[in-house]
Amino acid sequence: MDGIGIFFEQKFSLGVRTISRIRKTIQRTLVLDAVRALCNHPTMDAVFEEVRRKFPGIGRATVYRNLLQLAEEGKIRSVSLPTSPMRYDGRTSPHYHLRCSQCGSFLDIDADLEPFLQARINVPTGAVIETHDVIFGGLCPLCSGGFSNEPGAASGESAL
Ligand SMILES: [Zn+2]
Ligand SMILES: [Zn+2]
């Protein structure tokens, strides 16, 4: 039993099944909150570290399982990159990304998805395209030297 279970067992004398249910809900909420709070497209390791700051007893596998479930349910988005670990995004509305080639940070680009991209490609027979991802390459505001102090100008940089 981890820290969460022990806390509820000692505090409220609840049954094992109830504790298990409460623990799962709390773990899930902690993981979701961590992804949203970090707001810099954290990796699984970064989410794990964030959750563990609040509940040191939580296991890596638990965090990973919750990330997968939340992504499957559409509560968060998973963003896969060719040469780095999967990132998780608390912003679920469709948007594009900029990946900084210098520091590796990952920023949101505010743009509507371009429907023409999907309309113009040759879809393999029998395949159905539902969405698409675009990751622009370039430099973030800090690395380009064009950093602005406007609020939110470098929101993707904070924890990198
Ligand atoms: Zn950068
Ligand atoms: Zn994003």
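In helix 3, the residues Val47, Phe48 and Val51 are buried. Viewed down the axis of helix 3, these buried residues fall within an arc of 100 degrees, so they line one face of the helix. An α-helix has 3.6 residues a turn, so residues three or four places apart point the same way. On the other side of helix 3, Asp45 and Arg53 are exposed. The buried residues of helix 3 pack against helix 2, helix 4 and strand 2. The structure described here is a predicted model.

The protein chain contains 6 helices and 5 strands. Along the sequence, these elements follow the pattern α-α-α-α-β-β-β-β-α-β-α. The protein chain has 160 residues, of which 19% count as buried. Among contacts between residues at least 6 apart in sequence, 50% join residues at least 24 apart.

The average pLDDT of the protein chain is 83, and 86% of the residues score at least 70. Over residues 152-160, pLDDT stays under 50. For residues 152-160 the model has 25 contacts beyond four places in sequence.

Helix 4 covers residues 60-72. At 1.5 Å a residue, the 13 residues of helix 4 should span 18 Å, and the end C-alpha atoms are 18 Å apart, which agrees. The buried residues of helix 4 are Thr62, Val63, Asn66, Leu67 and Leu70. Seen down the axis of helix 4, the buried residues fall within an arc of 135 degrees, so they line one face of the helix. Ala61 and Glu72 are exposed on the other side of helix 4. The buried residues of helix 4 pack against helix 2 (16-38), helix 3 (44-54) and strand 2 (84-89). Just after helix 4, Gly74 takes a positive phi of about 80 degrees.

The largest nonpolar core has 13 residues. Those with the most contacts inside this core are Val31, Ala34, Val35, Val47, Val51, Val63 and Leu67. Helix 2, helix 3 and helix 4 each supply at least two residues of the core. The largest share, 4 residues, comes from helix 2. Two of the core residues named above, Val47 and Val51, are among the buried residues of helix 3. Val63 and Leu67, also named above, are among the buried residues of helix 4. Leaving aside neighbours within four places in sequence, Ala34 is in contact with Val47, Glu50 and Val51.

The loop between helix 2 and helix 3 includes Cys39 and His41. Cys39 has a positive phi of about 40 degrees although it is not a glycine. Phi of His41 is also positive, near 55 degrees, and His41 is a residue other than glycine. Burial is given by the count of C-beta atoms around each residue. With 15 C-beta neighbours inside 10 Å, Cys39 counts as partly exposed. His41 is buried, with 26 other C-beta atoms within 10 Å.

Strand 1 (residues 77-81) and strand 2 pair in the antiparallel sense over 4 bridges. The two strands form a hairpin with 2 residues between them. The bridge partner of Leu81 is Ser84 in strand 2.

Ala71 lies in helix 4. With 18 C-beta neighbours inside 10 Å, Ala71 counts as partly exposed; a residue needs 20 or more to count as buried. Not counting residues up to four places away in sequence, Ala71 touches Ile76, Arg77, Ser78 and Tyr88. The C-alpha atoms of Ala71 and Gly90 are separated by 9.6 Å, and the two residues are 19 apart along the chain.

Key:
Residues are numbered from 1 along each chain as its sequence is written. Chains are lettered from A and ligands numbered from 1 in the order in which they are written. This is a predicted model: local features need pLDDT of at least 70, side-chain atom pairs count only at pLDDT 80 or more; totals for chains, interfaces and linings use all residues. A residue is buried if 20 or more other C-beta atoms lie within 10 Å of its own, exposed if 12 or fewer, and partly exposed in between; C-beta atoms are placed from the backbone. Two residues are in contact if their C-beta atoms, placed from the backbone, lie within 7 Å. The expected span of a helix is 1.5 Å times one less than its number of residues. The arc is that of the directions from the helix axis to the C-beta atoms. A nonpolar core is a set of buried Ala, Val, Leu, Ile, Met, Phe, Trp, Tyr and Cys residues joined through C-beta atoms within 7 Å. pLDDT is the predictor's confidence in each residue, from 0 to 100. Two strands pair if DSSP finds at least two bridges between them.
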